Amino acid sequence: MCNCKDKNIYLPYMMQVEKVTVEAPGVKTLRLKFKNEEEGNAFEFRAGQFAEYSAIGDGECTFCIASPSTRKGYVECTFRQAGRVTSSLAKLEEGDTMGFRGPFGNYFPMEEWKGKNLLFIAGGIALPPMRSVIWTALDEREKYGDVTIVYGAKTVADLVYKHELKEWEDREDVTLITTVDPGGETPDWKGKVGFVPTVVGESPINAENTVAIVCGPPVMIKFTFPVLEKLGFDKKNIYTTLENRMKCGVGKCGRCNVGKMYVCKDGPVFSAVDLAELPDDF
Amino acid sequence: MDTLYIKKSDIAVWWAAIKGACDHVVAPVRKDRVVEFARVENYEEIATDYVQTTRSAKEVLFPRTERLFSYQKNGRDIEVKDFDPQSVPVQVLWQVRPCDAASVFPLDAVFNWDYKDVMYNTRRERTTIVAVSCSTADEYCFCTSVGGGAGDTRGSDILLTYTTDGAIVEVVTERGEKLVALSQNLFTAYTAGDKDSYLASVPQVFDVEKLKEKMHGMFDSTVWKEQSERCLGCGACAYVCPTCSCFDIQENPKGSCGERLRCWDSCGFAQFTLHTSGHNPRSTQASRWRQRLMHKFSYIPQRQDSLGCTGCGRCSRACPVDMNIKEHLSSIDKIQ
Ligand SMILES: Cc1cc2nc3c(=O)[nH]c(=O)nc-3n(C[C@H](O)[C@H](O)[C@H](O)COP(=O)(O)OP(=O)(O)OC[C@H]3O[C@@H](n4cnc5c(N)ncnc54)[C@H](O)[C@@H]3O)c2cc1C
Ligand code: SF4
Ligand code: SF4
Ligand code: FES
């Protein structure tokens with residue numbers, strides 16, 4: 001018999017844009033609310049998961065869920081205007097309707113991190129996947145040891161979540177280190193100047209009982225891993241997220257396949273141990 | 001599994017009963033120099049003088065373009081209209097080869113290994129597969145090297161094997177029984193046990209278990225570059241393949257309404273993995289050819305307990321520059 005009860009996995013939830021925040025040139029955060037309240041109440045996700053966001057009429061694209069899993073009733077995404085769909089999403093205003101499918105993929109094993117120190121290392125637009133974990137951790141601050149955030153962008157203007165960076169900077173239970181690439185600083189810039197991997201290497205970081213979460217462009221990840229290992233981090237305590245091109249998000253379209261792994265199903269969160277086992281195809 | 005017999009002259013009678021009981025029969029039809037699957041109204045239209053159709057029958061289960069949903073914009077509001085399972089016709093896929101029937105295993109696997117694909121599943125449940133054993137094969141066929149055979153029943157609801165004066169009818173599934181029940185009086189029991197004498201001989205050219213094992217460690221081999229040197233990246237191989245299931249998702253807007261579609265895609269295209277940033281994990285044709293073979297013979301077997309190839313040989317017949325998968329696989333098999 002036809003299993004007609006099964007849901008259409010390609011049908012998006014209809015969401016209302018509740019709030020639009022301009023984070024940096026070309027970077028926006030949208031806060032979305034489920035139009036159907038029941039769907040909103042039933043919706044749950046874990047930090048690290050992603051979703052497919054659609055500008056109906058223009059298409060879908062993949063962003064992580066940037067809001068923390070501890071806050072209910074809405075989801076947020078932060079994206080850089082890069083191509084067709086992101087340009088269309090960037091035109092949306094408060095009150096407009098858009099599509100959302102998710103949550104998809106695996107998540108950060110935060111349960112296993114209880115009692116450990118957390119070191120977040122993010123570059124550029126890669127702070128969004130991190131922001132979800134950071135706020136999830138800060139909302140349950142007592143569960144974790146020291147929290148350190150190293151965040152870098154090309155220029156001062158490119159730093160996203162400026163308001164939240166200020167909040168983290170002001171907190172006594174968070175150490176925030178910000179940096180911009182050489183030449184990206186402004187006269188009144190008080191943070192560091194230098195590439196993220198270098199800044200990490202020069203910072204007083206203790207690898208003991210610490211988990212490192214690294215998100216950023218492939219080159220940043222490539223150069224940060226060896227620095228962390230030199231600081232004494234074990235591969236199994238280093239995590240990152242991969243951004244393969246995706247379409248379906250549910251292990252069907254074949255696009256995100258790397259070796260025997262499907263990044264949309266088995267990822268996007270991988271430990272450095274998992275990553276070392278993947279063929280060089282991402 | 002019942003093994004029955006039907007007389008040659010009765011096959012058309014049974015076929016007419018089947019035709020009357022479903023929405024469409026899809027069968028091979030000759031159009032000039034090619035034979036392709038098409039909806040058939042009369043039994044006489046069905047082609048018999050061919051080894052293999054150019055394209056596979058996959059379209060019946062997984063159409064080239066398929067609507068995922070449609071929408072209507074009303075001001076700032078958007079109304080979406082879901083896929084309607086009732087819109088899917090009840091079909092009989094008549095006279096596919098055993099290698100096409102076997103393709104349902106990798107397709108079933110990918111469309112169900114975690115999330116269920118309701119469009120695929122609805123089509124699959126509403127389609128009865130009547131396969132026919134091969135009495136002839138050509139130099140491109142290699143079903144016997146990938147676990148199949150000219151008279152293999154796997155994936156079929158019914159397998160017919162034509163004899164001199166009729167057909168042996170192997171009824172494999174309940175769906176198959178229903179078709180036989182439409183004309184029960186035309187069938188008799190078959191006990192001769194001589195099916196094999198009507199089958200084409202397809203020599204085995206490699207041991208697929210050993211090949212899988214070997215390919216597992218071949219990611220960095222130079223063989224991919226050597227083999228793909230002349231590949232144009234045209235994607236024809238993926239479009240004719242019964243098991244290729246990669247797709248793209250595209251929008252088809254028409255003013256304030258429109259639809260979202262999925263369309264076949266191919267890992268052989270340079271754009272397949274291209275990021276918006278310009279980064280492309282598979283920037284060379286060699287890496288894309290490797291993906292095609294590794295996916296079928298290493299990754300799918302590791303994850304979905306199936307093989308991504310049924311040995312139909314279509315990709316080799318369709319390739320404009322004569323890339324021959326059977327030869328390429330056997331040369332990999334011979335690497336020490
Ligand atoms: C798990 C994951 C999380 C991501 N999180 C974010 C995020 O939080 N913020 C953000 O700004 N970007 C993120 N990205 C990248 C983002 O998906 C692309 O920038 C976006 O899809 C570009 O779409 P476009 O239509 O505007 O560009 P176009 O170039 O017009 O897109 C063409 C098509 O390519 C696909 N595509 C192109 N590049 C990528 C890519 N790198 N990843 C996936 N699909 C791609 C899109 O699906 C789109 O359909 C993430 C990607 C992944 C896989
Ligand atoms: S049909 Fe031939 S040339 Fe075209 S992509 Fe396939 S192997 Fe390459
Ligand atoms: S890869 Fe080639 S031989 Fe194998 S099933 Fe596909 S078309 Fe047939
Ligand atoms: S995004 Fe389609 S298979 Fe992963």
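**Ligand sites and a cross-chain salt bridge**

Ligand 1 is surrounded by residues from chains A and B, so its site is shared between chains. The model is predicted.

**Ligand 1: the shell**
- The shell around ligand 1 holds 23 residues.
- Those that come nearest are Thr62(A), Thr78(A), Arg84(A), Thr86(A) and Thr276(B).
- By class, ten residues of this shell are nonpolar, seven are polar and six are charged.
- In chain A, strand E4 (59-64), strand E5 (75-80) and helix H2 (84-90) each supply at least two shell residues.
- E4(A) gives the most, with five residues.

- Thr86(A) places a polar side-chain atom 2.3 Å from an oxygen atom of ligand 1.
- Thr62(A) uses its backbone: an N or O atom there lies 2.4 Å from an oxygen atom of the ligand.
- Arg80(A) also has a backbone N or O atom by an oxygen atom of ligand 1, at 2.8 Å.
- Ligand 1 taken alone exposes 830 Å², and the protein buries 88% of that.

**Ligand 2**
- Ligand 2 sits in the largest cavity.
- The residues around ligand 2 come from chain B. Among them are Cys231(B), Cys234(B), Cys237(B) and Cys319(B).
- Leu232(B), Gly233(B), Gly235(B) and Ala236(B) also belong to this shell.
- Nine residues of the shell around ligand 2 are nonpolar and two are polar. No charged residue is present in that shell.

**Ligand 3**
- Ligand 3 has 13 residues around it.
- The closest are Cys241(B), Cys309(B), Cys312(B), Gly313(B) and Cys315(B).
- Helix H9 (285-304) and helix H10 (314-318) of chain B each supply at least two residues of this shell.
- Its residues divide into seven nonpolar, three polar and three charged.

**Salt bridges**
- Over all chains, a search of the whole structure finds 42 salt bridges.
- One of the pairs joins the side chains of Asp77(B) and Lys35(A), at 2.4 Å from N to O.
- This pair crosses between chains. Asp77(B) lies in strand E5 (residues 77-82) of chain B. Lys35(A) lies in the loop between strand E2 (27-34) and helix H1 (37-42) of chain A.

Key. Residues numbered from 1 in each chain as written. Chains lettered and ligands numbered in written order. Predicted model: local features only at pLDDT ≥ 70, side-chain atom pairs only at ≥ 80, totals over all residues. Heavy atoms only, no water. Near = heavy atom within 4 Å. Polar contact = N/O pair within 3.5 Å; in protein donor to acceptor, adjacent residues only side chain to side chain. Areas by Shrake-Rupley, 256 points an atom, 1.4 Å probe, with all protein chains shown as cover. Helix = DSSP H or I, 4+ residues; strand = E, 2+ residues; numbered from the N terminus. Nonpolar A, V, L, I, M, F, W, Y, C, P; charged D, E, K, R; others polar. 1 Å grid on protein atoms, 1.4 Å probe; cavity = no way out; pocket = protein on both sides within 12 Å on 5 of 7 lines; lining within 4 Å. Sits in = over half its atoms within 2 Å of the grid points. Salt bridge = Lys/Arg side-chain N within 4 Å of Asp/Glu carboxyl O.
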